[in-house]
Amino acid sequence: MDQRAQDPQMDTQILPVDVNNIGNFIFKDPNRNFLGDWELLLSRGNRDAINLLQAVEQLQTSSVPVAFPTETVYGLGADATRDDAVAGIYKAKQRPADNPLIIHISSLTQLRQLLASPPGLAGASSLGVEHDPIPAIYHSLIPRFWPGPLSILLPLPKKSPLAGSVTGSLSTFAVRMPSSRLALALIHLAGVPIAAPSANTSTRPSTTTAAHVLHDLNGRIKLIVDGGPCLVGVESTVVDGLVNPPVILRPGGLSIDMLRQCSGWEKVELGYRDGAETSSPRAPGMKYKHYSPTARVILVNGQLSVGLLTKYLRGDTKAGIATTTTWRDEDLVTSGTFMTDFATATGSRLRTFKVQKVAAISLSEEAEVDGQTLATLASQPSTNGGHQEDSDSILVTCTDLGDEATSIAQNLFAALRELDLLGMDVIFVEAIDVSKGHAAAAVMNRLRKAAELEIRS
């Protein structure tokens, strides 16, 4: 393996690529659908195309992974058929080897090349292929949700071309077709399926901009393809149709109600818990703590007050607040002093206030997180370090994630990172109702995995 994958002196380069400039997508399907066969006629000599080809060459020849944007989050990609390339992902991310990776494809033809025909699963295809190796249970999902934020679990053939390390020693593998045309172009030109988890250090918030990737992986990888911010903001929904009834293994950009509208999926169930799993993960994102900034995250169901901040800040003095549907920073800081209002590099606005601490309030209910109660957590030192020089006041920095589940999902990871970079000791996030919008369950799943504590006020 190329040991430079973790060399702190490796030069990390950002390659801007505007997908609208790379060339023409030529579809053999009259419906101009990426599910069928298609070609890409590159604009030779164009800087965007040159940058894309540089990333393609890296994927084809190196064991150092390449970061690239999808519609969900930025991925850290490598040739899924080479063990040395896949090992480069685990090394760069510092990811546990038993945490499986999702395979990304650019066409159904490419997927069928990965599959044998397991007895009892293949049959006449509603996708237009006789004796289709893609299990029939997925034939209603694929035309509706691919390309898009859906990953499906498939049986691993006995003689699979996939690298053994990509599955985490499981007998199945997860695969999806992203809707990002830039991601599809990269996979298509590479000519191989691409294994790609989120392009962040393991356990950190996922990355939705090239700048986020650079912050986490600078010096560990060589290339970041910059296609702009991601549109969805949370990872794909992962489903298992190989069991009866089918289950959702990870919530994402598609809701359970959307899946239940498809034939064979009317009784789909939830097959995950929002905390970290203790058993071997059946899909990415199930077993380990994820999405956590350096600051402590507290998920709040209910209203926020200065008393609540005082209670949970302990000896710290810098609080980040991420509002969603009902919180308003004006309600919290009516007695405080306005400090500043500024825009971040990603365009979000942050408002900073200084308020005086008050007597801590009592809360009606308090949840355990990772087996720890508040009493245990209160005895631990602050992760970011205390600011004892002004211990009677709190510096509050507020950011609004939006009031719709889709906008909250888009802004969530960026907000956690921005507040973390500002040195917040604790980040308080307003919980949302999981029934409010198709991305709501995914948002709460990510927040519960990131949170040190979930409380009800």
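Okay, let's start at T12, which sits in the segment before β1 (13-16); helices (H or I, at least four residues) and strands (E, at least two) here are DSSP runs, numbered from the N terminus. Before I go on, this is a predicted model, where local features need pLDDT of at least 70, side-chain atom pairs count only at pLDDT 80 or more, and totals for chains, interfaces and linings use all residues. Residues are numbered from 1 along each chain as its sequence is written, and side-chain values use heavy atoms, with hydrogens and water left out.

Back to T12. Is T12 buried or exposed? With a relative accessible area of 17%, T12 is buried, since buried means under 20% relative accessible area, exposed over 50%, and partly exposed in between (1.4 Å probe, protein chains only). A polar atom of the T12 side chain lies 2.8 Å from the backbone nitrogen of G219, and one lies 2.6 Å from the backbone oxygen of I221. Leaving aside residues up to four places away in sequence, T12 touches a set of residues that includes L214, L217, N218 and I224; contact means heavy atoms within 4.5 Å.

Now for some helix packing. The axes of α1 (residues 47-61) and α5 (residues 181-190) come within 9 Å and cross at roughly 50 degrees. Axes are lines fitted to C-alpha atoms, for helices over the stretch in contact, and angles run from 0 to 180 degrees between N-to-C directions. That makes α1 oblique to α5, given that under 35 degrees counts as roughly parallel, over 145 as roughly antiparallel, 65 to 115 as roughly perpendicular and the rest as oblique. On the α1 side we have L52, L53, A55, V56, L59 and Q60, meeting L182, A185, L186, L189 and A190 in α5.

How do α11 and α12 pack? Helix α11 (residues 405-421) and helix α12 (residues 440-450) have axes 8 Å apart, at an angle of about 30 degrees, so α11 is roughly parallel to α12. From α11, the contact uses A405, I408, A409, L412 and F413, and from α12, A440, V443, R446 and L447.

Note on methods:
Polar contact = N/O pair within 3.5 Å; in protein donor to acceptor, adjacent residues only side chain to side chain.
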